[in-house]
Amino acid sequence: MDLELEDLENTIQDDDDDNVQLTSAELIEMMEEVWVNEKFAPEILPHKQEVVDCVLGQISYMEKNLETLPSTDFKKGIHQLEVDRIRFLVASYLRHRLEKIETYVLHILKEEEQRGEREEELYLTEAEQQFAIKYKQDLEQHFENATNFYPGLPFEDWKSHIVAPNMNSFVFLKAKTAVEGVVIDPSRDDDEVADLTVGSQMILSYNSVTDLVKKGDVQLI
Amino acid sequence: MYVENLKLDFYEFLTGKRILLMVHYDIDSICACKILQNLLKYKEILYTLAVIRGVEDLKRSYRENSNDVKYFVLINCGGTVNLVDLFEPEEDAIFFIIDSHRPTHLDNIYSDGQVRLLWTSEEDLEVPDFHAVYRDDSDEESDEEPESGDEDEGRAAKKRRLNEEAILKRRERRLWEAKRFDIIAEYSQYTYYNKASAIAMFKLAWFLNKDDKDLLWLAIVALTEQYILGKIENSQYVLAVGELQSHSNRLRNRSNDTDGLTSLRITYENDLKLVLYRHWSVESSLKYSMFTACKLKLWSHRGSKKLYELLADMGLPLSQSQQAFESMDLQLRKEFHQSIEKLSEKYNLEDLVFTSFVLQYGYRNKYCASDIVYAMFAILESSPKETPEECFNSALDCLTRNKKDVVQKAIERAKIITKTIFKTVQAAIDMKQIITAGNFVYYIIQEGCLDWYMFSNQYILLLLAQFILRAYVSMSRNRKAPDLPLIISAPKNLDLGTCVILGIPPLRQNSPKNNLGRAFEEAAENINYEVLSDYFDTSYFEINIKDRTRFFDALTALFDK
Amino acid sequence: MPLQTSYFPDYFSVDDILATQEKIPCKFIQNVPKLGKLNPATEDPDLQSGTVLEMPLWLVLEASLMRQPIVTADLPKVYKDAYLEILKADPCAVDLHKFGVYFYELGSYMKQFGQNDDIAKTLLHTFTLRFRQIMDLSDNVISDPNVIQKLDALEKSLYESGHDAKMKLFSWLKMSEIPLEAATMVTNHKKRKRVDEDLF
Amino acid sequence: MFCEKAHVLIKELSRNRDALPPYNTDLLNEINTEVKQLITQNQEDAQISEDSRVMNHASYLPTVKIRHAAIKRNIRCILAYHYNRLKCLRNMRWQFGSILPPDVKSNLSQSEIEWFSKYSSNLVQYMRSIGDEGINLAVDLKPPKSLYIEVRCLTDYGQFELNDGSVLLLKENSRHYLPRSECEELIRQGVLEHVV
């Protein structure tokens with residue numbers, strides 16, 4: 001049996017009938033981008049469940065192939081390391097999302113609800129949505145337990161001071177496509193504008209590139 | 001059984017298997033183990049490491065792991081004992097041994113595959129022929145059985161004939177056994193050491209093309225330990241240094257690592273028999289080192305005067321000689337070797353210089369091989385509070401480049417030990433505690449002694465013993481002094497009331513071959529003393545303190561014979 | 001794996017709660033009956049209009065920013081011109097810790113009580129210049145406790161994360177492997193356990 | 001002064017950023033009492049204030065407002081205390097796994113213990129839903145560098161079974177060379193130490 005790297009990095013096909021064909025390397029690269037964006041964006045980004053599912057499929061495919069290799073095979077170690085690395089990517093990505101969901105749970109659920117009302121694309125996966133709702137309930141229950149010594153306290157104060165991400169925080173980014181006229185810090189009035197050329201790298205406040213990140217025109221680094 | 005092809009029958013054989021590394025508690029073993037660990041990592045061989053201080057540890061660790069592990073690698077332990085007797089192992093358990101203790105147990109050499117020795121038959125000296133020590137008894141037994149059937153033939157006659165035959169046979173057998181006893185006695189009369197196991201492991205790494213400077217350094221440290229403890233002959237040392245030097249040249253040429261911060265340089269350099277002088281002051285190092293102390297009798301008032309004379313002759317101002325070597329004037333520091341060497345004849349300090357290696361990495365880290373050896377002694381043997389496993393771990397750290405603080409701390413401790421050894425010798429001389437008992441000399445460290453703990457350990461005790469014997473010989477008016485062995489005893493375990501006894505051969509013998517272990521055994525036998533010794537090196541012996549006098553009397557009687 | 005965020009206080013922020021606990025001078029401009037006990041200098045059961053007191057910031061914020069303010073806030077002295085001048089002259093030489101543990105946090109509340117944006121500007125100026133110093137500090141492998149003592153809380157946490165990053169880089173350069181570690185909680189947990197055991 | 005006790009509570013929190021000291025029931029009770037008092041006083045004075053408009057009495061409105069601010073402040077502190085403890089507890093879930101060490105557990109309130117188990121099951125439920133067979137997010141916390149690592153055992157842990165079914169004995173101070181993925185959790189629990 002001679003399993004080469006190419007066999008493992010088999011071409012896989014997207015489940016959707018979009019006819020999108022990705023090689024394994026392209027898929028992993030995509031996962032990396034998704035992960036880095038999520039890692040550095042202050043807010044939660046639209047989920048990438050398709051990518052995650054593909055990558056997970058890829059992992060189990062690779063692992064199945066690995067099992068057929070004898071444990072003494074030198075290549076096995078390297079492939080195993082690669083699988084571990086990919087699994088780390090996915091796990092880290094999902095962990096970052098969970099942490100944001102927990103920290104900004106009220107904010108995220110509210111925005112998600114509004115997106116639903118506007119019939120826009122949702123940011124959370126179904127499982128994440130469930131997790132968030134449950135998390136919010138448990139938190140409220142805990143707070144309720146802590147303040148029920150006096151029924152009817154104005155303890156809802158915390159809900160009017162919602163914990164939200166700092167959209168003004170600065171991010172490093174790299175332009176993937178040319179974008180002209182990026183308004184720098186829309187929260188100020190002095191309409192300063194920057195043009196991004198392909199491959200250029202910048203530090204900007206996140207709120208000036210929010211949409212570009214979500215569209216995939218720029219990549220956070 | 002000797003393993004012929006280490007690569008095939010040891011290294012690759014173990015691939016994919018789980019092993020137990022049983023590592024003796026000494027510097028060579030730690031170095032060898034570290035090299036082996038490196039090699040195992042290439043093949044991703046899973047291992048568990050057990051620290052072995054004596055026969056008991058060996059048995060216990062086998063018992064604890066034998067259910068889960070089938071392959072055992074023993075470093076510097078087990079070679080001199082009958083492993084199969086000791087463990088009574090399952091048939092599928094296999095033991096690989098790399099051990100510098102000699103003589104190797106004959107049952108291990110002639111094992112049919114369960115015990116596998118990782119060295120060549122040339123490295124075991126004067127091994128008796130197989131048939132001289134083993135004979136196939138199965139034939140005899142069937143011979144001795146009376147043949148059934150022929151009842152008509154005069155039974156009595158036959159019986160007589162058989163009896164005669166049997167008597168002859170038995171006689172022959174007795175003779176053979178007596179001879180066998182003599183052969184084995186001769187084979188095992190001396191305790192001595194083969195070259196460092198770490199060197200053997202390094203050679204394996206080289207053979208596998210996985211050697212590098214870090215591994216070479218480990219082999220160097222192990223060799224230096226053997227030299228400092230006098231475990232091997234000088235000629236063996238010189239040969240091994242030459243060998244390692246050619247490896248260091250080869251590896252230097254191979255590397256293209258020129259970055260000052262990360263590169264590692266091993267240079268072949270002369271070292272002085274002055275303990276830790278690069279990390280100490282010249283005065284202290286001269287004063288407390290065995291070599292200079294014994295040559296100049298530095299424990300005496302006259303000796304100290306001589307020391308200051310020497311320093312003056314070297315042109316080394318007192319203030320300079322008393323500060324840390326590192327902060328001495330550059331010029332003086334550079335000329336230090338030369339100026340002391342020039343005076344070596346005048347002060348009877350020939351042989352002060354020996355060849356060794358220096359390790360350098362980064363901009364500021366420079367260590368002699370001997371520095372590291374002393375540091376490791378300090379780690380392994382000077383802290384009564386830490387468990388052996390903890391000490392073992394720190395000793396491994398001491399060999400890791402990025403744990404500079406561990407080395408530094410250990411060096412400080414090593415200085416204290418060196419000083420303590422000197423002061424103990426000084427006190428022993430002043431109070432005339434080194435006693436001649438006919439044909440040997442002995443010295444006993446009393447239980448009340450402040451630093452007894454240090455001397456309850458193998459190697460610090462050995463350093464002290466060598467110091468004492470040399471000091472004794474240099475002071476003694478007895479012409480026979482250089483021909484007398486030294487027996488030294490120190491408390492080992494106060495709770496159990498046991499003490500350790502160590503014998504070292506006479507100075508004039510000028511060889512580390514040690515037959516005192518045999519003497520201990522005989523003496524114990526003569527007084528019907530049940531031996532509880534746990535050491536692999538038989539020149540160490542363990543008895544109850546209350547039996548010590550009796551034991552020494554028996555020894556005296558034995559030596560007078 | 002904590003979420004890395006810039007300083008952005010929220011309702012639950014411990015630092016913000018502690019910063020808003022700092023006392024600042026204010027003047028009561030309405031009578032507050034029954035709360036005379038807030039003024040330790042008087043036995044009067046009521047708090048009279050015109051009383052000048054030092055009150056925690058949280059209370060001042062609530063009581064001054066309403067339609068009919070109960071108090072008017074004054075600036076603590078370190079945010080007044082004289083001190084701001086010191087900061088403008090050489091921010092790096094100042095022992096900011098003595099100015100206040102929560103100097104920046106408090107300052108960002110104070111700017112709304114100032115006459116102009118001088119406070120905001122000076123804070124920014126101070127921070128920018130001192131930040132460089134902190135970067136240099138954290139680049140040093142050996143830390144100098146004397147200098148670190150002169151940092152305020154925010155600066156200290158910046159220093160700590162900078163220093164941590166530097167040390168990680170350093171060890172990575174040296175051995176190119178980041179050791180897996182016991183979770184900080186586990187280590188702390190053990191330490192505490194050890195202390196407890198020592199006690200009994 | 002109002003809210004002094006709440007301040008003490010928050011200072012306690014600030015001192016123990018990564019740890020969970022015993023749940024401070026006593027102090028919380030005192031704060032609760034202060035809050036109850038403030039509310040009662042406010043209710044009374046608000047009533048008088050109401051009446052005083054008619055009676056032309058001195059207005060209690062500023063008094064009520066300041067007390068209300070104090071109530072809000074107290075509640076903010078109480079909630080921040082609980083919230084930050086939950087954060088800490090949450091990190092413990094990721095570090096210790098779903099079973100807390102008994103001495104941590106004894107420092108928790110009943111409600112915290114309940115929250116912990118709810119959080120734990122919520123998390124497990126989420127992790128199960130990922131991909132076809134679920135994925136354990138509590139491992140692979142650092143990008144892998146090598147498959148096997150050398151570890152040192154810090155406690156007498158006892159028998160430990162590897163994925164391949166083989167068993168080894170983890171004794172204090174023993175050293176082992178093992179697959180990284182199988183030691184990671186034990187390292188994080190402080191049973192093993194990664195030797196580099």
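**Reading the model, feature by feature**

Author: Start with one spot: Pro103(B) sits in the loop between strand E5 (101-102) and helix H5 (106-109) of chain B. Helices (H or I, at least four residues) and strands (E, at least two) are DSSP runs, numbered from the N terminus. A cis peptide bond joins Arg102(B) and Pro103(B), with omega about 0°.

Reader: How should I read the numbering, and where does the model come from?

Author: This is a predicted model: local features need pLDDT of at least 70, side-chain atom pairs count only at pLDDT 80 or more, and totals for chains, interfaces and linings use all residues. Residues are numbered from 1 along each chain as its sequence is written, while chains are lettered from A and ligands numbered from 1 in the order in which they are written.

Reader: What is the mean pLDDT of chain A, and what is it for chain B?

Author: pLDDT is the predictor's confidence in each residue, from 0 to 100. For chain A the mean is 80, and 84% of the residues reach 70 or more. Over residues 1-19 of chain A the pLDDT is below 50. That stretch has 22 contacts in the model beyond near neighbours in sequence. Two residues are in contact if their C-beta atoms, placed from the backbone, lie within 7 Å. Chain B has a mean of 87, with 94% of its residues at 70 or more. In chain B, pLDDT stays under 50 over residues 140-147. The model has 3 contacts for them beyond four places in sequence. Where pLDDT is low, the predicted coordinates should not be read in detail.

Reader: How many helices and strands are there in chain B?

Author: Chain B has 23 helices and 15 strands. Of its 561 residues, 43% are buried. A residue is buried if 20 or more other C-beta atoms lie within 10 Å of its own, exposed if 12 or fewer, and partly exposed in between; the C-beta atoms are placed from the backbone. Now take the contacts in chain B with a separation of 6 or more: residues 24 or more positions apart account for 69% of them.

Reader: Which residues are buried in helix H5 of chain A?

Author: First its length. H5(A) covers residues 105-117, which is 13 residues. From first C-alpha to last it reaches 18 Å, close to the 18 Å expected at 1.5 Å a residue. The expected span is 1.5 Å times one less than the number of residues. The buried residues in H5(A) are Val105(A), Ile108(A) and Glu112(A). They cover an arc of only 70° around the axis, which puts them on the same side of H5(A). The arc is that of the directions from the helix axis to the C-beta atoms. The face turned away from that side carries exposed Glu113(A), Gln114(A) and Glu117(A). After H5(A) comes Glu119(A), with a positive phi near 55°.

Reader: Where do the buried residues of H6(A) fall, seen down its axis?

Author: H6(A), residues 126-147, has 22 residues and reaches 32 Å, close to the 32 Å expected. Its buried residues include Phe131(A), Tyr135(A), Leu139(A) and Phe143(A). The buried residues of H6(A) fall within an arc of 125°, so they line one face of the helix. On the other side, Glu126(A) and Glu144(A) are exposed.

Reader: How many residues of chain B are in contact with chain D?

Author: 16 residues of chain B touch 13 residues of chain D. E2(B) gives the most to chain B's side, with 4 residues. By class, that side has 5 nonpolar, 4 polar and 7 charged residues. Ala, Val, Leu, Ile, Met, Phe, Trp, Tyr, Cys and Pro count as nonpolar, Asp, Glu, Lys and Arg as charged, and the others, Gly among them, as polar.

Reader: How many bridges join E2(B) to strand E4 of chain D?

Author: Two strands pair if DSSP finds at least two bridges between them. Here 3 bridges join E2(B) to E4(D), residues 175-179, and the strands run antiparallel. Tyr47(B) stands opposite Tyr177(D).

Reader: Is Glu88(B) buried or exposed?

Author: Glu88(B) counts as exposed because it has 9 C-beta neighbours inside 10 Å. Its phi is positive, about 45°, although Glu88(B) is not a glycine. Glu88(B) is in the loop between helix H4 (83-87) and strand E4 (94-98) of chain B.
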